[in-house]
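User: I'd like to learn how to read a few features of a protein model. Could you take me through them one at a time?

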Amino acid sequence: MNTLAKPLAVALMGPTASGKTAAALEIAHRLPVEIISVDSALVYRGMDIGTAKPTLAERAVAPHHLIDILDPAESYSVMQFREDAIRLTVDIASRGKLPLLVGGTMLYFKALRDGLDALPQADPALRAQLDEEAAKIGIPAMHARLATLDPQTAARLKPNDSQRIQRALEIFALTGQPMSSLLARAAKSDLPFDLLPISLEPSVRSVLHARIATRFDAMLDRENGGLLQEVERLRARGDLHPGLPSIRCVGYRQAWEYLDGDIDFDVLRDKGIAATRQLAKRQLTWLRSMPDRTVVDCIQPDAATMVRELVIKALAGR
């Protein structure tokens with residue numbers, strides 16, 4: 001083993017219902033690991049069923065981090081995740097354990113690997129001013145203004161993309177520099193550890209779709225304290241609403257619609273399954289942009305074992 005090498009951390013990725021939790025636990029049964037959740041929904045307390053949160057028994061197999069750290073009324077940024085994940089990974093490695101980053105929030109994985117750009121935070125006063133100008137002259141005119149200030153960004157935005165056009169104008173007003181230039185200068189941030197990316201992906205998409213439907217039906221099972229009862233408890237607090245990131249999570253927003261009386265149960269089920277399938281499609285699209293990942297077919301019965309053996313082999317080669 002090269003004692004001068006950075007410690008190894010494993011990124012176990014995959015779409016929803018691909019078996020990431022089972023594979024992580026398979027590794028944890030054989031190796032001294034601590035698991036870091038890479039999931040923007042698992043951070044919320046009281047949201048267990050719709051997020052497919054690991055059970056207490058599963059979490060007892062190995063220490064888990066970044067689960068149940070926030071109230072659903074709070075928000076958690078990509079920057080916060082990156083800082084937390086790097087700190088935890090370094091701490092876990094310093095204890096002689098393997099950091100295992102597990103989840104399906106691909107934006108978190110990308111931010112961890114590639115770093116974050118140096119774009120300024122939104123300025124409410126300036127944003128209000130831009131909103132007022134847009135109401136007066138129209139979004140196409142705002143786009144034309146952007147084209148004179150930052151032609152590269154304007155060229156990739158549609159003339160009616162109000163949110164992104166105004167964000168680009170805001171950045172120029174705050175920094176005096178085009179957003180395209182700032183993004184071009186954003187360098188990758190070196191991580192204090194090596195990251196081994198392993199991805200569970202289906203060779204047959206229809207099998208994953210069937211798993212998604214089966215799992216969503218299980219979530220709706222009233223006899224086992226289902227998703228609707230969970231959302232009813234969240235609604236009873238009185239301080240949550242569909243505009244919050246927590247309630248916008250797949251499954252929760254559809255359950256909220258049902259409890260509002262806007263849709264019936266069959267539509268709830270259909271919309272929930274469809275939204276989960278769309279989420280899986282987006283996750284797979286993200287994964288295809290990571291050519292250095294090692295892919296394991298998640299529909300194989302021994303997929304979890306295959307992942308475990310990849311990790312053991314990687315450790316043996318260091």
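User: Which residue of β5 is the bridge partner of A11?

Analyst: In β5, A11 has P197 as its bridge partner. Strands here (E, at least two residues) and helices (H or I, at least four) are DSSP runs, numbered from the N terminus, and two strands pair if DSSP finds at least two bridges between them. β1 and β5 (residues 194-201) pair in the parallel sense over six bridges. A word on the source: this is a predicted model, in which local features need pLDDT of at least 70 and side-chain atom pairs count only at pLDDT 80 or more, while totals for chains, interfaces and linings use all residues. Residues are numbered from 1 along each chain as its sequence is written, and side-chain values use heavy atoms, with hydrogens and water left out.

User: Which strand is joined to β1 by three bridges?

Analyst: That is β4 (residues 98-102), which runs parallel to β1; there V10 has L100 as its bridge partner. Both pairings belong to an open, parallel sheet of six strands in the order β3-β2-β4-β1-β5-β6. At its edges stand β3 (64-65) and β6 (294-297), each with a single partner strand, so one side of each has no neighbour in the sheet.

User: How many residues of β1 are buried?

Analyst: The general idea comes in two parts. In a regular strand, side chains alternate between the two faces of the sheet. Buried means under 20% relative accessible area, exposed over 50%, and partly exposed in between (1.4 Å probe, protein chains only). In this case six of the six residues of β1 are buried, so the strand is largely enclosed by the rest of the structure. L8, V10 and L12 cover one side and A9, A11 and M13 the other.

User: What does UniProt list under "binding site"?

Analyst: The unreviewed entry lists T16, A17, S18, G19, K20 and T21. UniProt positions are given in the numbering used here, feature names are shortened, and annotations may be inferred rather than shown by experiment.

User: Where is S18, and what is it in contact with?

Analyst: S18 sits in the loop between β1 (8-13) and α1 (20-30), and it is buried, with a relative accessible area of 2%. Contact means heavy atoms within 4.5 Å. Leaving aside neighbours within four places in sequence, S18 is in contact with L200, L208, R211 and C298. A polar contact is a pair of N or O atoms within 3.5 Å; within protein, one must be able to donate a hydrogen and the other to accept it, and residues adjacent in sequence count only if both atoms are side-chain atoms. A polar atom of the S18 side chain lies 2.7 Å from the backbone oxygen of P15.

User: Is K20 buried or exposed?

Analyst: K20, found in helix α1, is buried, with a relative accessible area of 12%. Its side chain reaches the backbone oxygen of G14 at 3.2 Å.

User: How many aromatic pairs are there?

Analyst: Rings of Phe, Tyr and Trp (its six-membered ring) pair if their centres lie within 6.5 Å; planes under 30 degrees apart count as stacked, over 60 as edge-to-face and the rest as tilted. By this rule there are three pairs. In one of them, Y76 and Y108 have ring centres 6.3 Å apart and planes at 75°, so the pair is edge-to-face. F81 and Y108, with centres 4.4 Å apart and planes at 10°, are stacked. Y76, F81 and Y108 form one aromatic cluster.
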